[in-house]
Structure formats: C-alpha cells, structure tokens
Amino acid sequence: MDRKALYPFTAIVGQENMKLALILNIINPSLGGVLIKGEKGTAKSTAVRAIADLLPAIQVVDGCVFHCAPTDEMTLCDDCREKIALNTELATSEFKMRVVELPVNATEDRVVGTLDIEAAINQGKRQFEPGILAEANRNILYVDEINLLDDHVVDVLLDAAAMGINTVEREGISYSHPARFVLVGTMNPEEGDIRPQLLDRFALSIDVLGEKDPEQRAEVVRRRLAYEADPEAFCAEYNDEQLALQARILKAQSRLGEIRVSDALLNQVAKVAIEVGVDGHRADIVIIKTAMAHAAFAGRDEVNSEDIKIAARLALPHRMRRRPFEEGQIDWAAIDAMLG
Amino acid sequence: MRAGEFSFSAIVGMERVKRALLLQLVNPACGGVLISGPSGTGKSLVVNSVAGIAPEKNIFKLPLGATEDMVFGSLDMESALAGGNKRVIPGLLHRAGRSILFMDNVNLLAKDFVRAVCSSYRAGFFELQRDGIAYRENVEFSPVGAMSPEEGILSPWELDCFGIFVTTENILDAERRAQISRLWLEYADNPDGLLVKYRSADEKITDNIIKARALLSEIVPARAICLYAAQVCAKANLAGNIGEIYLLEVAKAIAALAGRHWLMPQDIDEAALYVLPHRMRKNAENQPPNPEDDFEDKDREHPTADAPPESKQEGDSQMNAENSPMPSQGDRCEVAEDNSLKENGNLDKVFSALANVAMPRLTIDTNKKLVISGRGRRLKSLSKDKHGRYVGYTPKGNKPLDLAIDATLKAAAPYQIFRKAQGSNQRVIIRPEDYQNKIREKRSGINLLFVVDASGSMGARQRMRMVKGAILTLLMEAYQRRDSVGLIAFRRDRAELLLPITRSVELAQKKLQELPVGGRTPLAEGLECALTQLAGITSRDKSQRNVLIIITDGRVNSTYKGDDPITRAVSTAKRLAFSQADIVVIDSESGFVRLGIAKMLAQEMGASYYPLREVTTQSVLRIVQGIKQGI
C-alpha cells in the first residue's frame, strides 16, 4: 500500500503538555483519555495520529472484529470466549494501533452498531453490524469538536466508556461487546460547552495554545515544509528519536505493574481532592493512575510527590466547578504545599 | 461479557445503597431502587457488582440507546421473512427474568421508557400490540435506576415509580478516600485476586439472600404493624397507598434478612428511610411554586425561618428542618394509640433521620456550587428532522423519509408469500405500504435572547452587570437544559449584539468583559436587532423555542432614522408580536412621573410584563425560571 509516512511524534515542536498526556495514556490505555482544549491549527490531530503510529503492532485474535487481546481473558468478546470454551486455539495476528475517528455528524446507529442491512435484505437475517465503538476497541477513539456532538450520541459514548462495554439493544439486535478505547477529544471552548458528566469521563485535560515565540513558530513551519517536501526523508531524520521514545514507552508499559504508591501519598491525594471539591472519586484515582504512568515513564518504581503534582495539573482543572464571575482557578501553590 | 466485574463485599462505604440492593434482591416486591448521587461516587460500580451476589448471578442493562422494540419485544423479522411465521422476540423486560434490570443514567433514558418499565413492573405484565401481533408478557424483573442529578432529575411521577430511594455522596474523609484508592490499586493490580479474596464474603451474602427469600412467604404483617405503617405514611403526608405497600414489603425484606418471620416496628422505621424520602416531597410540590424557593431554600441554616406560618404543618417543618425540631405533642398522641408500638417504634427518630436524607434537589452542595433548583426538567420532544435518538417507528406517511429498515422489513414479512407468488425472484419484496419511519426524540433547549437598555438613564451600568450575572448563571446550568443565551444592548444610536446566541460560558465571559453604557435610548433599534436574530435562529432550526427578554425603562428618546422614536418602537413591537417567540418585558421605570411606555409596548407584543423597580441578577433569574417552567 502506498501510504504517505505520518508526521513523526518526536518532530512536533513544543506542546509538551499535550505530548505528555498522550504518552501517559498510551503507557496505560485504561487511564481514561484526554480532552484537548484549544483552537484549530495547534497540531492536535497530528499528535494523536503520530502517537498511534509510534507504537509497534500489538497481538490480536485473528479475524476478530474487536481486535481482542488473546492473552487477556477478562476483556474477550463473546465469540473469542466461545472459542476458548470449545478449546479452540485462538489464532493471532499483528495489529497496529489505529486512530478511529468519530465524526461530529455521526448517527447513533453508526456509533453503537446496528442491524446489518445487507444481510437483512438479501438473506432476511438478523445480524449485528459493528459500529465505531467496535472498531475503537483497543484503539484510540478520536472525537474532534466533541462539544458539538449530539446529546444522544454523547449518552451512548458515556455508557460505553463507563464500563468498557458497548451494550446494543436496537433494531432487533441484542448484543454486547468490549469497547475499551483511549478517548481523545478536542474542543474549542468558545464554540459551546461540554456536559460535566462527559468532562468527568476524561482522565486528563490540557489547554493548547498556538506557539507564541517567533523562533519556535518558524521552526514549526520549517519542519512542516520539510515534511511536505519529502515525507520519507523527513521521517528518516527522526528515526532514532522515534525508536528511543518507543523503547522508553514500552519499558514504562512493562514496568507499570511494579509501580508502588505509598499510603502517605494516597492520603495526600485524597486531601487535595477534598480541598478542591471535586465530585466523586474519579479525580483521586485518575491522579494516582497518571502519577504511576508518569513514574514508569521516568524509569522509577515508586511514585513521588513530583509525579502527583504533575498528575494533579492534568487531572484536576476540568473537574472544577465554575461559577459566574469566577474563572475556576486552582490555587496551585496551596496544593503543592499540601503535597509537600 | 464478564468485564467490569467487581466484588460487592469489597466496596467501601455506600452502606445504604448496598442495603437497598440487598432488600430488593430479597423481596422483588420492594418496588425497585433508585440511586441518586454525584458523578463518580460509585453508583454503577455497586449495581454492576450485584451480578456477583444475586442468586440469579446476573443483571441486565437497559442501554441509553435502546429502541422500544428491543425493550418490549417485537416480531422476529428473521423467521417472518423466512417462512412468514409470526414469532415474537422477547424484549429485555422478559429476557431479564427475575434479575435486576439496571437503568444507568435513568434520567437520560428515552421519554416514556422509565414509565413503561415501572408500570409493567408494578403490574407484573405488559400488553403490546405491534407489528401485527398482540401479546401479553409476564415479567418478574426488578428495576434499578441510577442518576446524577446535575443532568436533570426525574418527574415526581417517575420518582414515585421506584419503591426505594437512596443517595450516594462525596466522601469528605481523607482516610476513607485513600482506602478507596488503595482498593482500586489492588483491583487494577490483580482483578481476579480481589474477586477471590472477597468470594467467600460474597457467597455468604448470596446464601443469606436465598434463605431470606425462603422466609419471605411466611411473613404476614400483623394488624398493629399495618396500622403503624399507615401512621408513618399519614405523618409524611403521602397521597395514595402505594407508600404503605412498599413500606411493608421493604420491612418484610428487612425481617427476612434478619432471619425472622415476623415484623417489628423497627423494621418499619428502617424501611421508612428507604421508602419515604422521594415521596414526602410531593406534598411540598403541590403548593403553589414560590420563586423565592429557588434561591433561599438552599440556605440550610434557616430552612424554615421565613416560611409562611400556614405551611408549617407538622410533617413539613420536620422534613425541611435539618436540625429536626422537637416533635409536637400531637405526634406523640397519634403514636400512643397503640401502646406496644409506643415502646418500640420511634417515629420521631425516623423523621429526624429522614430530614437528613438528601433529596435530588438538595444533593447539590450550595456552599460551593450554584445550581438553580432541580425543578428544571429536561425538555424532550419528538424530533421532526432526522436528528435525535431513534426510539420507535411509525407507518405514518408512505414516504421513506427516515426509513426504519428493521421495522419496514417486519412490516413486509407477512406478505412475502403472496408477493413471491406473483412471480418476483427478489429475496425480499418491499412495497411503499411497508415503509416505516423512525420516531426520534431529542432534548431541545430554549434560546434566551436578552435585549437590554444600556443607555445613559439611571442605573444602566448596574443593570448591565446584573444581566451579565443572570446570563452567566443561566449558561452554567444550561448543560442540563441545553439552553442558549444571547445579549443585545442598545444605546447611543444603535443596538449591538454583544453576545451572539451561545451555549459557551467561556465565550460569554470573554464577550461580556466590558459592558459599554451611556448615551440615548434607541429601543426601536434594539427590537429591530432582536427581530433579525430571531429570524436567523428560526431559519436554522424551526423546532427551537425562543424567548425574548426585554429589559428597559421604556424612556425611548432616540432613533436612528429621526422619526418619532415611540411610533417606531410600537411598529417594531407589532412585528415582534407575529414572531413565534415568547416575549417578556421587564420594566425598570421608576420615579414620580411614569410614562408607562414599556407596558404599552408589552401589550403590543402580547408579552408578559414585569415591573421591577430594581433589576437584580436574582430577580431576572426568577422571572426567567418562571417562563421556562411554563414552556
């Protein structure tokens, strides 16, 4: 297949927060995704595609539409489970993580999956046609301008994201399948707000701004032009950096199970969450998960307060309540003091 | 699917919720459980974990995207097309068997689902006539709903459908929160390990449920207990008798779990905590709405201080009071009717405990958050365009405008034999008379367009600031109602669209940073600008409701074109009267000599008219709330 080489992740200038948030989500795909707020033209979708491209292929059950992981029995789809029950060996194949896009005008039936019309009309059969959520399993689900999504589509997205399962009860089809994905949403806050429930589902959020420094801006353009001129050569230039980052991420992934968090830190996180007044426990858990991924990425086995501080900055801002005449600012100095 | 399983016994806290679910599992006649609480407090987690302890070892989920044929059952298209057989595919309600039917985000479910599900639960069956078949299904499922009230609450009727109501709350104790995090870490590390660790505890619970179920049929409430239950309900001012019935059923489950085959007054006392919270409120709601409520009833320190004396009924004052007052003499007499009960039952304790159960409208902590009363129900309307959730289908209109394929195939199925006999070799023959179109439903908001006088007349600056406050507040709650807000200000010689109709708080904050005031009062231009905006909105989406809120003192003294300003304002007002918008005029005219122009214009526009000497954020909000409720 003649496919243009993707812009390399390591060639993206600046946007350190966005890059970090994406990397942490890749190290631990169950982290819960990231919401990227900012205007157009800030390399959001480039970065998302690039991070998926950075990783080596994963093992999937051959022919499974949900790309089930053969080694993880907990998350298998019904078909694969059945095969195991019948003692059939699950054939595996290699699969490269993809960015599955959920367009703003997507209809609900396309998102959750629906009756397979062709089978219905040609054979009179009732058959499930997988939707975007099926495709997104074990991939990145990318929703550009998520704040403009129809309410009922957001509802089904929330339903699936909450439990990692998509339950379909529509148009004669009763089916459920795994839907575990890294949810990446982008929005321009000036074009309308996002429901707090959906906001809360995003583990992390970051604000991206256009690069202000003229030098940096020039560098962005220079690299872009070089890439457009000769993608292959441009990518070759970044090959070493790409491989180094890939190795670091893979190492962090394998280290993740070993990471320890002290009880004292758990307590501090709880105190911070109470202090800023967030709803529920997602904030606590997300901060800890993020800090763990961050520690793994830094090559440590133990979470320290620096990890927690960085995690809090990524996990708290969008969980704050806003009130009229207030910007919902967090007093970071106070929080840092609490975290020691 | 097995994913997402968690051990019921491992869950930290949420004792009430866990207890409620146990009671429902023991006695399916308890009426179902509704769990309300902020997002992320573990509602879904605890319900999903029930699959591990329920004797049925399963729960069924009613997903938000479900269509009605799958909930209630429908003709099996497959066999109908194959052999023209009329076979029914059972709906979720039937497939669930005796299991729990879990409606997560029950407040976001399609319009009539909650009602239909709860009614069929109560009746034990449902009847349906559709797809050319009539059938009756017996159902035994237990409904369990979970909701986060900030997304909108259920109507009193829907609340009443549930026998049991419990809330989850944010845990404010760092130690316990850390414990939850620790548990989560343990689970993430080794999910199966956690299940194994708590398996024996879970199994014990299952045993208890099975034993309690066996006891249940032996429990017959004594007359005195029934009387006591009736007293409790009377004191809570419940309408109808469904409260007593649920009270007794829950009490039976409590006794059965305790291994008893008789009821004690304490069982009723405990049951009241689950059965009454969402029912008592009805009494308060029947009273004429008092706009002050929206703001002042959250003031927990003085809940009853400024209530009019006639509303201070016995039950009421106790329900509302956080620091429950001492019971009056009358209550004691009532209970004293039965001596044995006086010893054991403790009504007062029950009611003071009840006062501490947070109702949906109160679960919002007003110290930190500003949210206007839970009365704001979601507007859901049947959508006429192709947007919205597909909830059902209709044969109306023989044109395939928004074709429901499954339904169309079902409609075509019975005729296949005849049609094929006519010599076509197509697999499935569909004719226009088979066409079924989708019925869609969407949540629709209101567009609120403010037209405000920013001219030099007195208090313009203050007025603008107050309006800004109202706009921002409205936007912050807009995610619940899907409302949009815009602002037109008129001053000097023209009207200016300061904030285009938007749902964005950030945009409003940015656009309304500076509020220019001063100059003359070109009211006609303001109205003209409003007309243009309304026309724009309507051309984009006809299904939207528009509300125009005009705030002025009516002292018109300028017009761009130089003709008589008042005549021009009147003629624009007359045109506005023909728009589909609801119009409100807030008249801020004050002083000894009043010209009454705003009032006259309001009459011309067929608008509601509110004279308001002082325009404050709260007074504006109160008026807007009133209007929104009327729509």
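These legends go with a handful of close-up views of a predicted model. Local features need pLDDT of at least 70 and side-chain atom pairs count only at pLDDT 80 or more, while totals for chains, interfaces and linings use all residues. Residues are numbered from 1 along each chain as its sequence is written, and chains are lettered from A, with ligands numbered from 1, in the order in which they are written.

**View 1. Chain A as a whole.** Chain A carries 15 helices and 11 strands (DSSP runs numbered from the N terminus, with helices being H or I of at least four residues and strands being E of at least two). Its radius of gyration is 21 Å, close to the 20 Å from the globule rule for 340 residues, so chain A is as compact as a globular protein of that length. That radius is taken over C-alpha atoms, and the rule is 2.2 Å times the number of residues to the power 0.38. Boxed along the principal axes, the C-alpha atoms of chain A fill roughly 65 × 50 × 45 Å. Of the 340 residues, 47% count as buried, meaning 20 or more other C-beta atoms lie within 10 Å of the residue's own, with C-beta atoms placed from the backbone (12 or fewer is exposed, in between is partly exposed).

**View 2. Where chain A meets chain B.** Here 66 residues of chain A are in contact with 71 residues of chain B; a contact needs C-beta atoms, placed from the backbone, within 7 Å. Several elements of chain A each supply at least two residues to this side, among them helix 7 (151–163), strand 8 (165–170) and helix 13 (282–297). Helix 12 of chain A gives the largest share, 8 residues. By type, the chain A side splits into 24 nonpolar, 17 polar and 25 charged residues. Nonpolar here is Ala, Val, Leu, Ile, Met, Phe, Trp, Tyr, Cys and Pro; charged is Asp, Glu, Lys and Arg; the others, Gly among them, are polar.

**View 3. Two domains of chain A.** An automatic or database assignment sets the bounds: domain 1 of chain A is 32–55 + 97–208, and domain 2 of chain A is 257–338. Their centres, taken over C-alpha atoms, sit 26 Å apart. Domain 1 puts 9 residues into the contact and domain 2 puts in 8. On the domain 1 side, helix 8 and strand 11 (204–208) of chain A give two or more residues each, and strand 11 has the largest share with 3. That side comes out as 6 nonpolar, 2 polar and 1 charged.

**View 4. Around Ala404(B).** Ala404(B) is in the loop between strand 11 (389–394) and helix 19 (405–412) of chain B. It counts as buried because it has 24 C-beta neighbours inside 10 Å. Setting aside residues up to four places away in sequence, Ala404(B) touches Tyr393(B), Gln436(B), Asn437(B) and Lys438(B). Gln436(B) is 32 residues away along the chain, yet the two C-alpha atoms are separated by 5.6 Å.

**View 5. An open sheet in chain B.** Six strands run in the order 15-14-13-16-17-18, with mixed pairing (two strands pair if DSSP finds at least two bridges between them). Strand 15 (494–502) and strand 18 (608–611) of chain B are the edges, each pairing on one side only. Neighbouring strands are turned by 15° on average, direction ignored. Strands 13 (446–453) and 14 (484–491) of chain B pair in parallel over 7 bridges, and Val451(B) has Ile488(B) as its bridge partner in strand 14. Helix 26 (597–605) of chain B packs on the sheet, touching strands 16, 17 and 18, and its direction makes about 170° with that of strand 17. Axes are lines fitted to C-alpha atoms, for helices over the stretch in contact, and angles run from 0 to 180 degrees between N-to-C directions.

Note on methods
Contact = placed C-beta atoms within 7 Å.
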